[in-house]
Amino acid sequence: MRNKYPQEFKDEAVRQIIIMATQFKGVTNRLGITDKLLYSWLTRLIKVSV
């Protein structure tokens with residue numbers, strides 16, 4: 001079963017990487033998500049922004 005995260009949760013995770021320059025692994029560990037999931041959110045945001 002897929003876990004659906006609210007957009008605010010995704011935005012905060014990506015914000016921690018881009019704005020706060022937090023280490024990727026630290027964010028995934030703290031939020032309890034996989035590296036692959038956070039990477040997909042990040043790349044999706046970059047594609048939309050370009």
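Trainee: At what angle do the axes of helix α2 and α3 cross?
Mentor: This is a predicted model, and in it the axes of helix α2, residues 24-31, and α3 come within 9 Å of each other. The crossing is right-handed, and the two helices are roughly perpendicular, because angles of 65 to 115 degrees count as such. The angle at which they cross is roughly 115°.

Trainee: Which residues of α3 are met by residues of α2?
Mentor: The contact of α2 with α3 divides by class into 5 nonpolar, 1 polar and 2 charged residues.

Trainee: Is T28 buried or exposed?
Mentor: T28 has its place in helix α2, and, leaving out residues up to four places away in sequence, it touches I33, T34, D35 and L38. Its relative accessibility is 1%, and since a residue under 20% is classed in this way, T28 counts as buried.

Trainee: How are α1 and α3 oriented towards each other?
Mentor: The axes of α1 and α3 are 10 Å apart, and the helices pack at an angle of about 85°. Because that angle falls in the range of 65 to 115 degrees, α1 is, relative to α3, roughly perpendicular.

Trainee: Which residues of α3 make the contact with α1, and how many charged residues does this contact have?
Mentor: From α1 the contact is made by F9, K10, A13, V14, I17 and I18, while α3 contributes L38, W41, L42 and L45. By class, the contact of α1 with α3 has 9 nonpolar residues and no polar ones, and the number of charged residues is 1.

Trainee: How are α1 and α2 oriented towards each other?
Mentor: α1 and α2 pack with their axes 9 Å apart, at an angle of about 150°, and their crossing is right-handed. Since angles over 145 degrees fall in this class, the orientation of α1 to α2 is roughly antiparallel.

Trainee: Which residues of α2 make the contact with α1?
Mentor: The residues of the contact of α1 with α2 divide into 6 nonpolar, 1 polar and 1 charged. F9, A13, Q16 and I17 make the contact from α1. Those that make it from α2 are F24, V27, R30 and L31.

Trainee: Which residues does A13 touch, not counting residues up to four places away in sequence?
Mentor: A13 belongs to the largest nonpolar core, and it takes part both in the contact of α1 with α3 and in that of α1 with α2. Not counting residues up to four places away in sequence, A13 touches V27, L31, L38 and W41.

Trainee: Is W41 buried or exposed?
Mentor: W41 is found in helix α3, and, leaving aside its neighbours within four places in sequence, it is in contact with Y5, F9, K10, A13, V14 and I33. Its relative accessible area is 6%, and because this lies under 20%, W41 is buried.

Trainee: How far apart in space are D11 and A21, C-alpha to C-alpha?
Mentor: D11 has its place in helix α1 and, at 41% relative accessibility, counts as partly exposed. D11 and A21 are 10 residues apart in sequence, and their C-alpha to C-alpha separation in space is 14 Å.

Note on methods: Residues are numbered from 1 along each chain as its sequence is written. This is a predicted model: local features need pLDDT of at least 70, side-chain atom pairs count only at pLDDT 80 or more; totals for chains, interfaces and linings use all residues. Side-chain values use heavy atoms; hydrogens and water are left out. A nonpolar core is a set of buried Ala, Val, Leu, Ile, Met, Phe, Trp, Tyr and Cys residues joined through side-chain atoms within 4.5 Å. Buried means under 20% relative accessible area, exposed over 50%, partly exposed in between (1.4 Å probe, protein chains only). Contact means heavy atoms within 4.5 Å. Axes are lines fitted to C-alpha atoms, for helices over the stretch in contact, and angles run from 0 to 180 degrees between N-to-C directions. Helices (H or I, at least four residues) and strands (E, at least two) are DSSP runs, numbered from the N terminus. Angles under 35 degrees count as roughly parallel, over 145 as roughly antiparallel, 65 to 115 as roughly perpendicular and the rest as oblique. A crossing is left-handed if the near helix is turned anticlockwise from the far one by less than a right angle, and right-handed if clockwise. Ala, Val, Leu, Ile, Met, Phe, Trp, Tyr, Cys and Pro count as nonpolar, Asp, Glu, Lys and Arg as charged, and the others, Gly among them, as polar.
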